[in-house]
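Let's take a walk through a protein model together, one step at a time. Keep the picture open beside the text and look for each part as it comes up.

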Amino acid sequence: MFELLGIPPQALFGQLLLGLINGSFYAILSLGLAIIFGLLNIINFTHGAQYMMGAFVAWMLLNYAGIGYWWALLLAPVIVGATGIVIDRLFLARLRDLDHLYGLLLTFGLALIIQGLFRNQYGVSGLPYSIPPELAGGRNLGFMFLPNYRGWVVIASLAVCLATWFVIEKTRLGAYLRAATENPTLVQAFGINVPRLITLTYGFGVGLAALAGVLAAPIYSVNPNMGADLIIVVFAVVVIGGMGSILGSIVTGFGLGLIEGLTKVFYPEAAATVIFVVMVVVLLVKPAGLFGRTA
Amino acid sequence: MASVSERMATAPTTRAAVEAANLHRAIFIAIAVFLAGAPFLLYPVFLMKVLCFALFACAFNLLLGYGGLLSFGHAAYLGTASYICAHTAKVWGMPPELAILFGTAAAAALGFVFGSLAIRRQGIYFAMITLALAQMVFFFSLQAPFTGGEDGIQAVPRGRLFGLIDLSRDTTLYYLVAVIFLAGVLFIYRVIHSPFGQVLKAIRDNEPRAISLGYATNRYKLVVFTLSATLAGLAGATKAIVFQLASLTDVHWTMSGEVVLMTLVGGMGTVFGPMVGAAVIVTMQNYLAHLGAWVTVIQGIIFVICVMLFREGIIGVIAKKLKRPL
């Protein structure tokens, strides 16, 4: 227990925890992507920018309006989700009948705009956002020291993921959503306002990204580029897991975070690429993805 | 079965096809004449930059416009070729023609490997896989010892072409780049109008039908992917010689986005669109360089405008007006 393969347990568990935290963000972000993809059939390239916006809105609420972390946790996703709804009404709704690749191109352009604007306004050095006082400090678990905030992020992310799973799989609204994913025309014929459902779904997916951004704000500095590279990793996570299953997205997200953490301990040079390597292996062995339904 | 339909596809049967071919020939001749005189009017280094990006965009368009495959990671091939070319020219002391050849070959090999992985999934997944693979190349380039990390490979010698012609003068090098560009785009033109290109368009328009006609569609996709990566590599290797530099910019995902934008602005699936698109975007970047991060915002706005209102691109709109394929 004192030493595993020559690695001190402090370092090992520290990296595993960091992996678990990264995994939380992968899970929430890939979940949002999967939900959006299910109904809109587009891959939301703006997702990384919207995650960044979540962190920035939290920072702005604190610095311009004096609103703290806990309210930001609620308000930032709502505000960013509302901008998502505007994006959907203004742009994406007009592209529904076209090739889905146009949705990808449009959201890519929007991501460039949003990231560029924030970079102009706030620079690239990053802004500090402190941990809320309730979660400051940490506790000694015997085998490692656990900062309270990091523990909170993992628990909160798991709760958000499971709540999303519950809403989609177990409630009436979720049933409509799943039905509209399968056959929107038929669901519309039953009197359900599918266009509105689609718009709200996009807003919800974007809100999830923003929530991840708020959770990330005290851990990483609030930075206009924080979502740009992350989203590419999340794309790889989505390819690995496949977008067919909600629980699949959650498991894949956390699992890959852990793998990344372990790589940081045992072979740090490969930590940045290990998820892409896993993607290559999955493509070779099971092209549809671990939880994918169709090839 | 396949060979019969291929032979039928080669014959330009209709008068419209003959007319289009004549028009294209006239445009290619006009481009050649323009390129011959251009360095007397415009700054050669700027022209070389445009030509490298134009070839890059044409290579990308071969895959997207004719193969229907959206790769979001084409920077990987541009950048890899540019690193290998710079390394062979600087460290191994190779002459420029061999360095470019090595760089291009490296891009071809990488394109073959990545292509065979990416074609295992379709549509949106294809775009995500190519992007993720390209990001892997980016991190590799960031960490590998020979790429020089953040500095890149600087002061790459331009050398002497075939040991005879000194390329250190911009105008001399310009004519080499112009020849490479023309050879590249004429090759792409030939591919598009070959039986292979016809099958490719059939796959783009309706893959299940092409499969039911007996075509091994995955093999066609892999070949076009490799070709596209190779030509992107040719552009990247040439670019390394021109600017005497290979850097992380060439492998970053923003570069993959830029080539998509160039193709979109000029016109996807047109022969001459990507060239025009590359010229427009490179010119814009040159004139707006002092605006810094605003360039990204402007590029994003152009993306949005193109997708919302202007999906055919500049050449696509002109072709529609003229009622001729361009």
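This is a predicted model: local features need pLDDT of at least 70, side-chain atom pairs count only at pLDDT 80 or more; totals for chains, interfaces and linings use all residues.

Let's begin with a helix of chain A. The buried residues of α11(A) pack against α9 (228–241) and α10 (246–266) of chain A, together with α5 (96–118) and α6 of chain B.

Which residues of α11(A) are buried? They are A:Ile275, A:Phe276, A:Val278, A:Met279, A:Val280, A:Val282 and A:Leu283. The helix they belong to covers residues 274–285 and has twelve residues. From its first C-alpha to its last, α11(A) reaches 16 Å, close to the 16 Å expected at 1.5 Å a residue.

Now turn to the place where the two chains meet.

Two packed helices are described by the angle between their axes and the distance between the axes. For helix α7 (residues 170–192) of chain B and helix α10 (residues 217–243) of chain B, the axes come within 11 Å and cross at roughly 175°. Because angles over 145 degrees count as roughly antiparallel, α7(B) is roughly antiparallel to α10(B). On the α7(B) side, the contact is made by B:Leu173, B:Val177, B:Ile180, B:Gly184, B:Ile188 and B:Val191. On the α10(B) side, it is made by B:Leu227, B:Leu231, B:Leu234, B:Thr238 and B:Val242. The residues of this contact divide into nine nonpolar, two polar and no charged. As you follow the residue numbers along each helix, here is a handy rule: an α-helix has 3.6 residues a turn, so residues three or four places apart point the same way.

In chain A, the unreviewed UniProt entry gives the annotation "transmembrane region" to residues 12–35, 68–87, 99–118, 149–168, 197–220, 232–259 and 266–285. In the model, residues 149–168 of chain A are 100% helix and 0% strand, with end C-alpha atoms 28 Å apart. For residues 197–220 of chain A, the end C-alpha atoms lie 34 Å apart, and the span is 83% helix and 0% strand. In chain B, the spans that UniProt lists as "transmembrane region" (unreviewed entry) include residues 26–46 and 259–282. Residues 26–46 of chain B are 71% helix and 0% strand, and their end C-alpha atoms lie 25 Å apart. Residues 259–282 of chain B are 75% helix and 0% strand, and here the end C-alpha atoms lie 11 Å apart.

Let's zoom in on single residues. A:Phe166 is found in helix α5 (residues 148–170) of chain A. Is A:Phe166 buried or exposed? A:Phe166 counts as exposed because it has 12 C-beta neighbours inside 10 Å. In chain B, B:Leu23 lies in helix α2 (residues 15–37) and is partly exposed, with 14 other C-beta atoms within 10 Å. B:Leu23 and B:Pro325 are 302 residues apart along the chain, yet their C-alpha atoms are separated by 9.3 Å.

Finally, visit the end of another helix in chain B. The buried residues of helix α14 (residues 313–322) of chain B are B:Gly313, B:Ile314, B:Ile315, B:Gly316 and B:Ala319, and what covers them includes α11 and α12 (273–288) of chain B. Just after α14(B), B:Lys323 takes a positive phi of about 55°. Most residues other than glycine have a negative phi. B:Lys323 counts as exposed because it has 7 C-beta neighbours inside 10 Å. In chain A, A:Asn41 also has a positive phi, near 60°, and lies in the loop between α1 (9–40) and α2 (47–65). With 15 C-beta neighbours inside 10 Å, A:Asn41 counts as partly exposed.

Key:
Residues are numbered from 1 along each chain as its sequence is written. Chains are lettered from A and ligands numbered from 1 in the order in which they are written. UniProt positions are given in the numbering used here, feature names are shortened, and annotations may be inferred rather than shown by experiment. Helices (H or I, at least four residues) and strands (E, at least two) are DSSP runs, numbered from the N terminus. Axes are lines fitted to C-alpha atoms, for helices over the stretch in contact, and angles run from 0 to 180 degrees between N-to-C directions. Angles under 35 degrees count as roughly parallel, over 145 as roughly antiparallel, 65 to 115 as roughly perpendicular and the rest as oblique. Two residues are in contact if their C-beta atoms, placed from the backbone, lie within 7 Å. Ala, Val, Leu, Ile, Met, Phe, Trp, Tyr, Cys and Pro count as nonpolar, Asp, Glu, Lys and Arg as charged, and the others, Gly among them, as polar. The expected span of a helix is 1.5 Å times one less than its number of residues. A residue is buried if 20 or more other C-beta atoms lie within 10 Å of its own, exposed if 12 or fewer, and partly exposed in between; C-beta atoms are placed from the backbone.
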